[in-house]
Amino acid sequence: MVDFKENEQLNTLNHSCAHVMAQAIKHLYPQAKFWVGPVVSEGFYYDVDLGDEVVSDEAIAKIEKEMKKICKDGKRIVRREISKEEALEMFKDDEYKLDLISNLEDGTITCYSQGDFTDLCRGPHVETVKMCKNFKLIKHSGAYWKGDKNNKVLQRIYGVCFPTAEELEEHLNLLEEAKERDHRKIGKEMEIFMVDDLIGRGLPMYLPKGYAIWQKLERYIKQKEKKLGYLHVLTPAVGTVNLYKTSGHWDHYKENMFPQMEMDGESFVLRPMNCPHHMMIYANKLHSYKNLPIRIGEIAHDFRYEASGAVKGIERGRHFCQNDAHLFVTPEQIKSEFKGVIDLILDVYKDFNITDYRCVLSLRDPEDKEKYHDDDEMWNKAENELREVMNELGIEYTEEIGEAAFYGPKLDVNVKPAIGNEITLSTCQLDFCLPAKFNLTYVAEDGTKKTPVVLHRAILGSLDRFMAYILEETKGNLPLWLAPTQVKVLPVKNEYHLDYAQEIYQLLLDEGFEVELDSRDEKLGYRIREAQMQKANYILVLGNNERDERTVTYRKHGEQKATTVTIDEFVSMLKQQIKDKK
């Protein structure tokens with residue numbers, strides 16, 4: 001989807017359209033006062049104080065109608081330079097503009113006028129308001145003045161503008177598609193997860209169907225890891241402040257942690273990541289080079305205090321579960337283990353049919369001494385190691401400065417969703433730093449003690465974000481092996497068919513399928529439609545023929561065709577589909 005902020009032409013056009021919207025609002029609401037109206041990635045918005053008025057959908061329609069009149073009138077947009085004193089006089093009755101002006105340096109201030117409307121602005125703008133005619137106001141909400149909850153709530157109105165009507169229509173269609181794919185909408189309809197402010201923002205709770213998906217993902221990745229020699233552990237979701245001071249996270253990551261808790265003379269924090277715990281597990285016993293590599297894995301509960309504006313369903317929460325692992329290796333094993341991680345990532349992507357992705361080598365910014373562990377020799381060695389491995393494996397990649405972890409460079413695998421900007425799912429980080437901080441050692445072949453190297457890696461990333469991605473990619477139409485409701489059993493009439501329906505339900509349950517029986521006293525058509533809405537993979541409708549002939553008639557989700565087979569044939573078909581992960 002287009003980024004309005006990064007596209008120079010769209011940036012200018014949308015900035016101008018924001019002024020058209022403000023002019024229309026002023027026509028309809030003479031008492032209106034305006035804070036700021038910037039261009040953002042998804043278009044533009046303006047924060048407005050309408051006094052006692054509250055923006056509604058009806059009000060949005062009126063504003064759009066007035067904007068069309070303004071655009072049709074076609075007034076030129078004129079730039080003027082005024083002094084700070086003139087600006088203060090011009091906006092003397094507007095406390096919001098006075099606040100903006102007071103924070104500007106003395107000297108020339110620019111403003112833009114179009115007909116009867118003038119506003120402070122750096123620009124640039126298009127030549128005439130007529131060029132802003134292909135617009136749409138897309139949503140509205142409340143917003144605290146200056147983002148401070150102690151300030152007044154203003155009305156924030158969002159819009160988009162394009163050079164042509166065709167481009168606008170295409171964008172609006174994409175927005176509608178994004179709305180249908182939004183995992184928050186799907187999650188509510190399918191009863192996958194819930195959020196409640198009483199529990200806390202960014203703290204989603206998985207409902208039974210959501211947890212069924214979550215468990216399937218956990219079993220899936222653990223089985224793959226076990227076959228590769230991973231050892232799974234369980235560690236606490238809290239740690240002492242001293243643990244994170246030792247690791248360096250306290251200095252580099254403290255602002256992203258929940259506040260520390262003081263108990264019995266000790267300071268604890270909810271953990272934001274799992275590496276320190278896994279370092280201590282390695283340090284628990286002596287190791288020889290013969291034992292390495294050691295691969296420690298965990299589906300681990302982590303907590304990060306994300307900004308309120310960044311919280312988004314289960315895609316980005318303040319609590320999440322990482323598919324985390326730490327590989328303790330000798331320097332000679334870096335390449336083979338790194339290749340093993342990449343092979344595992346690609347194997348998983350094949351199972352989930354993920355084909356649109358790119359590899360990014362995330363490096364440090366050598367000028368940033370605050371964000372990164374200060375050891376040039378370590379960084380040069382680690383970055384060169386990763387480059388060498390990537391080149392030897394023949395993997396195409398781009399490099400991004402300033403995106404590394406504080407302790408080392410990393411490979412990020414970014415996927416392009418059907419809608420929206422790319423996201424990072426998988427990562428593998430090379431670390432010479434933390435093993436030294438925790439004094440980790442192994443006995444080398446020559447009998448000396450040496451420091452292992454650690455690969456931090458996550459294949460599914462967090463199970464939460466991965467689930468959000470899969471829900472949006474499939475629109476909730478999950479493959480059979482992952483679905484929370486694989487089969488929905490519907491008796492045509494309870495008085496005649498319920499006993500047989502209960503028998504089939506129990507049989508499928510005993511076979512290990514996710515199955516539900518809907519025997520409510522509702523019309524069959526209503527129950528079928530509801531099962532379709534809940535995206536059950538198969539709907540079984542059981543009537544006289546099925547009962548008498550001991551068969552089942554199924555309808556596959558998304559299809560109208562009904563097929564009758566024996567019970568054994570149906571069970572075998574499901575098992576094969578689950579095995580094939582189709």
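Colleague: What covers the buried residues of α18?

Modeller: This is a predicted model, in which local features need pLDDT of at least 70 and side-chain atom pairs count only at pLDDT 80 or more, while totals for chains, interfaces and linings use all residues. Residues are numbered from 1 along each chain as its sequence is written, and side-chain values use heavy atoms, with hydrogens and water left out. Taking contact as heavy atoms within 4.5 Å, the cover of the buried residues (under 20% relative accessible area, 1.4 Å probe, protein chains only; exposed is over 50%, partly exposed in between) includes β24 (487-491), α15 (494-510), β26 (538-542), β27 (551-556) and β28 (562-566).

Colleague: Which residues of α18 are buried, and within what arc do they fall?

Modeller: The buried residues of α18 are I567, F570, V571, L574 and Q577. Seen down the helix axis, they line one face of α18, because their directions (from the axis to the C-beta atoms) fall within an arc of 130°.

Colleague: Which residue follows α18, and what is its phi near?

Modeller: Helices here are DSSP runs of H or I with at least four residues, and strands are runs of E with at least two, numbered from the N terminus. The residue that follows α18 is K581, whose phi is positive, near 55°.
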